[in-house]
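Dear colleague,

I am passing on a structure that you have not worked with before, and below it I have set out what was found in it. Please read the notes with the structure open beside them.

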Amino acid sequence: MSTSPMQVSEARRFQQLRGHLSYLKLNDAAEALNRVLDQARTERMSLTAALERLLEIEVEATEARKLAARERFACLPEPWTLADFDFAAQPGVDEKLIRDLATLRFLDDAFNVLFVGPPGVGKTMLSVALGRAAVDAGHRVYFTTAAELAAKCHKAALEGRWKTCMRFFAGPKLLIIDELGYLPLPEDGASALFQVINQRYLKSSTILTTNVGIADWAGAFGDATVAAAMLDRLLHRAAVAGIDGPSYRLRGHQNQADAMRKGVNARVS
């Protein structure tokens, strides 16, 4: 069977088009080109509709890659979202405040958020959920514990990378500092934390979770001057959520234990 000049021309044009897409690094569109052309013929799509569908595939793939990159950078410890938090199980949480924070309006005004309360009441879960929402919305987020932050700053200072370290912590739109007060900070830890907060002051938002009441910061961190300066910058624009309810984590473990016990009893009976 002979091939007509028109068929040769169409085949060459297809290869050229795919080559153009690859050259422009529109690799997902290039991969989908044959499928979209078949779909266009089957569904009698207009040229505009077929082109829109092809570019839509590339845009969706690009957004997925960007989201994956933001997720890797964020280092969120769990995939929690606000839908995972049981407000009924933790009456100590101001649900209205959390719902308002979940709109992420606080990021636009470089507001900070402080979650204060004893261990297990849901501070980390809420901070991670807000971080997850920010990642999904296209913002750069970074999660760290206070101890990890202090250690990284200390190492950077020893290696002559202090300015680079400060730029790193100043970069994210939202920085989450977890577990402040759970472990004693090294001698220069409070100063390093202050420097990070100061770098971000009035520029970007910080979420901080702590088991230390604000009135006790001076004693807990060993330097009243640094503690006062840190609080001055954190609280200038901030929402403070004090959580004094029962342990959210312990209740969750208890619910799991009860469910397992019911399952065992059901099998026995």
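**Charges over rings and aromatic pairs**

In this model, the charged end of Arg 233 is placed over the ring of Tyr 201, at 5.9 Å from the centre of that ring. Please keep in mind that the model is a predicted one. The ring of Phe 73 likewise has a charged end over it, that of Arg 140, and here the distance to the ring centre is 4.2 Å.

Phe 73 is partly exposed, its relative accessible area being 22%, whereas Tyr 142 is buried, with a value of 7%.

Tyr 142 also pairs with Phe 168: the ring centres are 5.0 Å apart and the planes stand at 80°, so this pair is edge-to-face. Because Tyr 142 lies in strand E2 and Phe 168 in helix H8 (residues 162-170), the pair ties together parts that are 26 residues apart in sequence. Phe 168 is partly exposed, with a relative accessible area of 33%.

Taken together, ring pairs connect Phe 73, Tyr 142, Phe 168 and Phe 169 into a cluster.

With kind regards

Technical notes
Residues numbered from 1 in each chain as written. Predicted model: local features only at pLDDT ≥ 70, side-chain atom pairs only at ≥ 80, totals over all residues. Heavy atoms only, no water. Buried < 20%, exposed > 50% of the residue type's maximum accessible area, 1.4 Å probe, protein only. Phe/Tyr/Trp six-rings, centres within 6.5 Å; stacked < 30°, edge-to-face > 60°. Helix = DSSP H or I, 4+ residues; strand = E, 2+ residues; numbered from the N terminus. Lys NZ or Arg CZ within 6 Å of the ring centre and 35° of its normal.
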